[in-house]
Amino acid sequence: MDKQTLDQNWDQLRQKYGVYLRMLETIPEDKYHTHPVPGVRTPAEMVVHVSGTVIRDIAQGVAKGEITSDESEDGKTAKDLKTKAALLAFARTCWTDASAAVAKTGDAQLTAMVPTHWHLTIPGWVGYTTLSD
């Protein structure tokens with residue numbers, strides 16, 4: 001993957017993320033901090049994980065040369081975001097932060113080997129391919 005391909009893929013992900021945001025808007029306020037499925041993250045925890053750990057942290061990590069997100073904090077962060085409005089603002093801010101990182105990412109970052117908190121090192125472009133999964 002080169003910078004031109006990243007930019008094209010990012011635009012496609014932007015469109016998918018817009019659908020994701022509209023889906024988040026449909027979740028009733030009183031359901032964000034509930035466990036509709038036992039043993040699975042709450043919707044609020046999923047927002048923090050997808051928007052923060054996956055989208056923002058991978059994009060920023062590739063740009064800076066190391067992915068260092070701490071998924072163990074997802075639950076606490078979700079609890080701190082008490083309202084639907086706060087969760088939606090978090091999701092939008094994560095996208096803005098990730099987009100800023102993508103704008104700074106070039107071919108050098110995409111081909112560099114990037115250490116991760118998952119105890120493996122990946123080429124930067126691999127981080128971006130995981131975002132569309």
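Is G127 buried or exposed in this predicted model? G127 counts as buried because its relative accessibility is 1%, where buried denotes a relative accessible area under 20%, exposed denotes over 50%, and partly exposed lies in between, as computed with a 1.4 Å probe on protein chains only. The model is a predicted one, in which local features need pLDDT of at least 70 and side-chain atom pairs count only at pLDDT 80 or more, while totals for chains, interfaces and linings use all residues. Residues are numbered from 1 along each chain as its sequence is written, and side-chain values use heavy atoms, with hydrogens and water left out.

G127 is placed in helix α6; helices (H or I, at least four residues) and strands (E, at least two) are DSSP runs, numbered from the N terminus. Residues up to four places away in sequence being set aside, G127 is in contact with I58 and I122, contact being defined as heavy atoms within 4.5 Å. The C-alpha atoms of G127 and I58 are 6.3 Å apart in space, although 69 residues separate the two in sequence.

Helix α1 comprises 24 residues, and the distance from its first C-alpha to its last is 34 Å, close to the 34 Å expected at 1.5 Å a residue; the expected span is 1.5 Å times one less than the number of residues. The buried residues of this helix are K3, L6, W10, L13, Y17, G18, Y20, L21 and L24. Their cover includes α2, α4 (84–104), α5 (107–111) and α6 (124–130). L21, which lies in α1, counts as buried because its relative accessibility is 14%. Beyond residues up to four places away in sequence, L21 touches L88, A91 and R92. L21 and A91 stand 70 residues apart in sequence, with a C-alpha to C-alpha distance of 7.6 Å.

Helix α2 has 22 residues, which should span 32 Å at 1.5 Å a residue; the end C-alpha atoms are 29 Å apart, in agreement with that value. A bend of about 35° occurs in α2 at D57, the bend at a residue being the angle between axes fitted to the seven residues ending there and the seven starting there. The helix is mostly covered, with 16 of its 22 residues buried. Residues up to four places away in sequence not being counted, H49 touches R41, V54, E71 and D74. After α2 comes G65, with a positive phi near 95°.

The largest pocket has a volume of about 160 Å³. On a 1 Å grid over the protein atoms alone, a pocket is an open set of points where a 1.4 Å probe fits, with protein on both sides within 12 Å along at least five of seven lines, and lining residues have an atom within 4 Å of a point. Grid points are joined across faces, edges and corners, and the volume is the space filled by probe spheres set on the points. The lining consists of L13, K16, Y17, Y20, V50, V54, I55, T130, L131 and D133. Helices α1 (3–26) and α2 (43–64) each contribute at least two lining residues, and α1 gives the most, with 4 residues. By class, the lining comprises 7 nonpolar, 1 polar and 2 charged residues; Ala, Val, Leu, Ile, Met, Phe, Trp, Tyr, Cys and Pro count as nonpolar, Asp, Glu, Lys and Arg as charged, and the others, Gly among them, as polar.

Exposed positions were also examined. K104 lies in helix α4 and counts as exposed because its relative accessibility is 62%. K104 and V62 are 42 residues apart in sequence and 9.9 Å apart in space, C-alpha to C-alpha. S72 occupies the loop between α2 and α3 (74–80) and is exposed, with a relative accessible area of 58%. The C-alpha atoms of S72 and V54 are 13 Å apart, and 18 residues separate the pair in sequence. H119 is found in the loop between β1 (113–115) and β2 (121–123) and is exposed, at 78% relative accessible area. Most residues other than glycine have a negative phi. The phi of H119, a residue other than glycine, is positive, near 65°.
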